[in-house]
Amino acid sequence: MSHTIQAGRRFHQFADLRELLAKATPARSGDRLAGVAAESAAERVAAQMCLAEVPLAHFLEEWVIPYEEDEVTRLICDRHDRGAFAVVAGMNVGEFREWLLDYATTGVEIAAVSGGLTPEMVAAASKLMGNQDLILAASKVRVVSRFRNTQGLAGRLGVRLQPNHPTDDVRGIVASILDGLLYGCGDAVIGINPATDSPVACGELLRMMDELVSRHEIPTQTCVLTHVTNTMQCIGAGAPVDLIFQSIAGTEAANRSFGVSLSLLKEAREMGLALGRGTLGDNVMYFETGQGSCLSAGAHHGVDQQTLEARAHAVAREFSPLLVNTVVGFIGPEYLYDGKQITRAGLEDHFCGKMLGLPMGCDVCYTNHAEADQDDMDNLLTLLGVAGCNFIMGVPGADDIMLNYQSTSFHDSHYLRQVLGLRPAPEFEAWLERVGIFGEGNRLLPAEARRHGLLTSLPL
Amino acid sequence: MKEDPWARLKGFTPARVALGRSGGSLPTRALLDFRMAHALAKDAVHAEFDAAGLALELESLGCATRLLKSAAAGRAEYLLRPDLGRRLDDASRELLAESAGGGVDLVIVVSDGLSATAASRQVVGVLSELLPLLEQDGWRLGPVCVVEGGRVAIQDEIGELLGARLSLMLLGERPGLGSPDSLGAYFTWEPRAGRSDAERNCVSNIRPEGLVPAAAARRLQALLSNSRRLGLSGIGLKDETFPALIPADDHRVE
């Protein structure tokens, strides 16, 4: 269906919903690279004006990628909850934005509607929103998930401890884990990106972390972020797997390029559930996403990268994850050029994820060929803290020496905790206090008081 | 400022552990050290590539060279349009087509990639070791192509134009904070337009503090020999001698 609007002296026409969504997207390099971006600033705003008038119900009739061609579209369509949708069924996209921002609309009401929202509806609303709208609407919604602790409660901020090492040297990884724990980080997960994909090596890392977490009775979960088939192999070999990781994208073809499908993810989740290793809950999945991955895989179907990212969130939603992490600035400047584009994308992904009911965290990050620096990360970190982001990364000194990019540090988590009064997951916080790492008000105790077993008992 | 009493952890990893703190914030020295590392990495990404100077150095090693350019005009376009960095500009394509002879075993391509600093520091070191080894093994080499603004896949077009059975590309990797001058090596059996990255192999982190150039040369010699013997590259090429061999991992250069 074509969409038209008269804006000023110009008449604008958009061939279909896919084109309208793409052209309404705030400027970013990846959409230009894909050739789907608006051709002028005015065309972009005209598209937004036109998009504001599209009824939400229309999104259930016109799919950006055909139902027959793509299992992600089929998932979105088949899982749509008409009952939950009823509250917003009469609204257009502009009215839906206003509803989200209304004093009277609470987070509980948004969560109740969530199952009736498609990723395309949520992406459409985000394209009309300014950064403050993305923050305000997301801040209303809490998404709580559980494995060995409780993530996502109000006033809490989790940290994934990311102790990577360029050659997977076990002692090097343990050194970074200890540093992170002693800085009070690691409640979201202790998660290693391995340098090698060998299931044997991954099994060793899993056993090392399991030993550490068990011995010190740390209420957290561990993960080796390797391909889901490797993790399944590890489970088969008896390795202690807490969370099952996978990178996912918003189209069937892009997921195929990652070597996954919905049925494979389902099978992996069932294997994880069968282990029964969660003590407080059974959210066993950990997903990572990021704008640009479909284009990078040549599998974007002419859809803009932000809408595709929201579709990846719909994939995640199917599997009740503990953590969903948008790795926002990792992909490089051809997709998100600078600090401004990375910031915007981080806020969009967090908003869309929360609207769809996901426990969203963000790897606030950039590469050295992007036009960004640590000040941009400070800004996005602060904005996401205000928006109620579930968790961030904790990398020693913000410098990932294996993946060669910059993220956020243990110290960054202390900055955010101080300025916004955010605390770790309650079970983990109690552990930090018990072992003498945190004192009053979530402050690090003087180092002298922290001569506990953690430092002396490890194989270093 | 408070020191962390676990400074000995620094001995186990190059990661930035035990930085100390003031309150919960970074000590000034650690903050400025990080900023300097980032500055060096940024400078490496934006450094001018002296292609002609590098070509002269390579000629002094006794090899013929060709100076070429990708279709990406300038650094900003190179960063924004990876597709343009994967193909030659028209003038370069004509130049290369003219010099194509009866086919060669191997064409070596050199480019600034994401770090001109890496190319200018490591390429001569690698090739001064590798070229004699290849000569000893009886390889027929094409001219060394020095390409401004190339991406990994540009070796496909160059290899095809020269009728090469194998192509080897050396280019600057995306600089990490502690590694602004790290070189990557990617090779492809039967380089032809449309090869995927799964059809290449990669040796990365070539720099004095990582895989030293002489060791990288020996490893490439062995890998190229195997590739020629088996008639393939990419995920099908396993090497028992070097268990850490990984298929092309483009995030480092793309």
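Modeller: Let's begin with a definition: helices (H or I, at least four residues) and strands (E, at least two) are DSSP runs, numbered from the N terminus. By that count chain A has 21 helices and 14 strands.

Biologist: What makes chain A as compact as a globular protein of its length?

Modeller: Its radius of gyration, taken over C-alpha atoms, is set against the globule rule, 2.2 Å times the number of residues to the power 0.38. The rule gives 23 Å for 460 residues and chain A has 22 Å, which is close, so chain A is as compact as a globular protein of that length. Its C-alpha trace spans about 75 × 45 × 45 Å along the principal axes.

Before we go on, this is a predicted model: local features need pLDDT of at least 70 and side-chain atom pairs count only at pLDDT 80 or more, while totals for chains, interfaces and linings use all residues. Residues are numbered from 1 along each chain as its sequence is written, chains are lettered from A and ligands numbered from 1 in the order in which they are written, and side-chain values use heavy atoms, with hydrogens and water left out.

Biologist: And what does the globule rule give for chain B?

Modeller: Chain B, with eight helices and seven strands, has a radius of gyration of 20 Å against 18 Å from the rule for 254 residues; the two are close, so chain B also counts as compact as a globular protein of that length. Its C-alpha atoms fill a box of roughly 70 × 40 × 35 Å along the principal axes.

Biologist: Why is the contact between A:Glu252 and A:Arg74 called a salt bridge?

Modeller: The term asks for a side-chain nitrogen of Lys or Arg within 4 Å of a carboxyl oxygen of Asp or Glu. Here the N to O distance is 3.8 Å, so the pair meets the cut-off. A:Glu252 lies in α13 (residues 252-257) of chain A and A:Arg74 in α4 (residues 71-78) of chain A, so the bridge ties together parts that are 178 residues apart in sequence. Over all chains, the search finds 36 salt bridges.

Biologist: How many cavities are there, and what makes a space a cavity?

Modeller: On a 1 Å grid over the protein atoms alone, a cavity is a set of points where a 1.4 Å probe fits but cannot get out; a pocket is an open set with protein on both sides within 12 Å along at least five of seven lines, and lining residues have an atom within 4 Å of a point. Two cavities of 30 Å³ or more turn up in the whole structure.

Biologist: Which residues lie nearest the centre of the largest cavity?

Modeller: Of its 20 lining residues, A:Gly292, A:Cys294, A:Leu295, A:Gln305 and A:Leu308 do. In chain A, α2 (29-33), α15 (293-296) and α16 (305-317) each give two or more residues to this lining, and α16(A) has the largest share, four residues.

Biologist: What lines the second largest cavity?

Modeller: Both chains contribute, with A:Asp179, A:Tyr183 and A:Phe410 among the lining residues, and B:Arg16 and B:Val17 as well. The space comes to about 30 Å³.

Biologist: How much space lies in the second largest pocket, and which residues are closest to its centre?

Modeller: About 460 Å³. Of 18 lining residues, A:Gln374, A:Asp378, B:Leu26, B:Leu31 and B:Arg35 are closest to the centre. The largest share of the lining, four residues, comes from α1(B).

How values were computed:
Points joined across faces, edges and corners; volume = space filled by probe spheres on them.
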